[in-house]
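Visitor: I am new to this structure. Please pick one part, look at it closely, and carry on from there.

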Amino acid sequence: MKIAIGPILYHWPAADIRRFYDGLRGRVDTFYLGETVCGRRRELRPEEWIGLGRELAEEGHEVVLSTLSLVEARSEASVVRRLCDNGELRVEANDFTAVSELERRGLPFVAGPTLNLYSGRALRAMQRAGAVRWVPPMELPGDSLRGVLGELTELGGEAMETEVFAYGRQPLAFSARCFSARHYDRPKDDCGFVCGHHPEGLPVTTRAGEPFLVINGIQTQSWGCANLLPAIPDMQQMGVSAVRLSPRPGAMDQVVAAFRSAIAGEPATLHEPEPGQQCDGYWWGEAGHTRKAPEPGMAEADR
Amino acid sequence: MELLCPAGNLTALRAAVDNGADTVYIGFRDATNARHFPGLNFTPEQAARGVEHAHQRGVRVLVAVNSYVQAGGWAQWQRSIDEAARIGADAVIVADLGLLEYTAEQWPDLGLHLSVQASATTPEALDFYKRCYGVSRAVLPRVLSIQQVEALAGDTDVELEVFGFGSLCVMAEGRCLLSSYATGESPNTVGACSPAWAVQWQETPQGREARLGGLLIDRFAPDEPAGYPTICKGRYDVEGALEHAFESPTSLETAELLPRLKRAGIHAVKIEGRQRSPAYVGKVTRIWRQLIDRIPEAEGDYTPDPAQVAALREFSEGATTTLGPYERNWQ
């Protein structure tokens, strides 16, 4: 089972982005690069992402270029097209603009978590369009994933690589509206990139004081940080080929190490973030914010 | 421009037909449509009667089968498509890739519309659905500005349908898991946002509290109107400020945009509200029939009839309306 680093979902300065990838060079299998949340964020231009991807690929990493999840403007669609036309690196399609471009070019691609693939038939249709790997929707329970993969086999679909979002704040919703700009009473078109003030998003707390969600520009994330370490044996058994670890500003080396241990069948615990901030409800078929693993952050082998 | 009206039951369907709808859209009484609520929607028999009633009066009927097929659920979703075809529906409204493929192959004469739940926003995305499945029309998600809608209409040969009036989803449809994050169920999986079983009301000394899946979504003062608790319309603490962090209770109302939408070649205007009463559907349909029939041909300043706009406001959440994403400032 491989370890993939998902695309950075936050608005970090270019230097921080480069530092982040430098810190993980040689320690993971796959890097997903690119801006997937907001078309206005251009700390790195498409050419710079492609250039960084080329560097990392030359060092032996698999590199995938991720595309925008909600494409509204023509300029955004042309960035998607530019990435699809890069000529060497594989692309992750996060909306059907990219799916369309890749299908038309006959290029194999990764179907991202926002494409709403919940059944074997939908997955087979995406496979026919050219997908060779997919990332199931955040809310898909482990049992359902097993079901989808079984259905794909029954339908005669070829085996497909499956990558599960296993760590990080979960992207839950996308909007035309930028909630970061709105909070700071700024128009979206003159946002001043206020989302950059919050390298891990802007927490939304209920009036009962329960931390609930996180605002990240046009994206709403879970406040709870997914941690599916305890599900690794299950995933291995059902043939999941990779885990996706979603970038956070710190401690990613610890996260990678913990998942590396769990994948190797060794005891692994993770206290980053603190267990009270971890959740795994989606995987167990429950409300996403809940936590079921009795010892949060602990792999089965350790219990 | 076609006026497309909602119906959550037969009485509402008749109200829409009798008050001037060109087309009515309905769903079956199960998780196969994205408005799956108790007491709402049609059995196949009721739907057949609705189609008969509508067709006798020259009105078309569309059936929404627009949630996503779940693992192990193929037979149920397939049945909904088959029933829609058998009762003579004019088209089905679909988002799921497997269902699009099935409908195109098995029911080639049945109209195939792309649901708003598929959240297709570009000529490229629309072209994919047309090229692969023969989709003839797409419902646009509520994320594009009016300028973007106009540009898109000029760049695609897929018919476009836009939301004109009713509740406003703040998040891109089909891209919102807030409901399942709180409750385990979402529009994509079981066809319900904020399922009724997960809603809890409680009178407290601080006010009336609305919870969803145990999470406090809002707290209302004694005289304050309290809407159905969806996460995106709740009040939260953000950096010490208490605010509607996503959207305040308001409804979409686009009467003033009608001439632009028509000139752009938008094929249909959709009224939201399958969960609304037959009386609401009848009144709103009647107003929109008049609004659409009176769209001026010439360009220039246009103000819709103030009396009709005021009447629409009466039907709106929080008695306020917005142009929503059509207006760039809202975004």
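Guide: A:F193 is found in the loop between helix 7 (179–183) and strand 8 (202–205) of chain A; helices (H or I, at least four residues) and strands (E, at least two) are DSSP runs, numbered from the N terminus. This is a predicted model, in which local features need pLDDT of at least 70 and side-chain atom pairs count only at pLDDT 80 or more, while totals for chains, interfaces and linings use all residues. Residues are numbered from 1 along each chain as its sequence is written, chains are lettered from A and ligands numbered from 1 in the order in which they are written, and side-chain values use heavy atoms, with hydrogens and water left out.

The phi of A:F193 is positive, near 50°, and the residue is not a glycine. Most residues other than glycine have a negative phi, and most peptide bonds are trans. With 31% relative accessibility, A:F193 counts as partly exposed, the class between buried (under 20% relative accessible area) and exposed (over 50%), with a 1.4 Å probe and protein chains only.

In chain B, B:S119 also has a positive phi without being a glycine, here about 55°. B:S119 sits in the loop between strand 5 and helix 5 (123–133) of chain B, and is buried, with a relative accessible area of 2%. Strand 5 (residues 111–114) of chain B is covered on both faces, with B:G111 and B:H113 buried on one side and B:L112 and B:L114 buried on the other. Strand 4 (residues 91–94) pairs with strand 5 of chain B in the parallel sense over four bridges; pairing requires that DSSP finds at least two bridges between two strands. Within this pair, B:V92 has B:L112 as its bridge partner.

A cis peptide bond is found in chain A, from A:E272 to A:P273, with omega near -5°. A:P273 belongs to the loop between helix 9 (252–263) and strand 12 (278–279) of chain A.

Another loop of chain A, between strand 3 (62–66) and helix 3, holds A:E72. At 9% relative accessibility, A:E72 counts as buried. Beyond its neighbours within four places in sequence, A:E72 has contacts in both chains, including A:A176, A:K188, B:V143 and B:Q331; contact means heavy atoms within 4.5 Å.

Helix 3 (residues 74–84) and helix 4 (residues 96–105) of chain A have axes that come within 10 Å and cross at roughly 35°. On the side of helix 3 of chain A, A:A77, A:V80, A:R81 and A:C84 take part, and they meet A:T97, A:A98, A:E101, A:L102 and A:R105 of helix 4.

Back in chain B, strand 10 and strand 11 form a hairpin with two residues between them, and B:G213 in the turn has a positive phi of about 55°. Strand 10 (residues 207–212) is joined to strand 11 of chain B by five bridges, and the two run antiparallel. B:R208 stands opposite B:F220 of strand 11, and B:L212 stands opposite B:L215 of strand 11. Six of the six residues of strand 11 of chain B are buried.

Key. Axes are lines fitted to C-alpha atoms, for helices over the stretch in contact, and angles run from 0 to 180 degrees between N-to-C directions.
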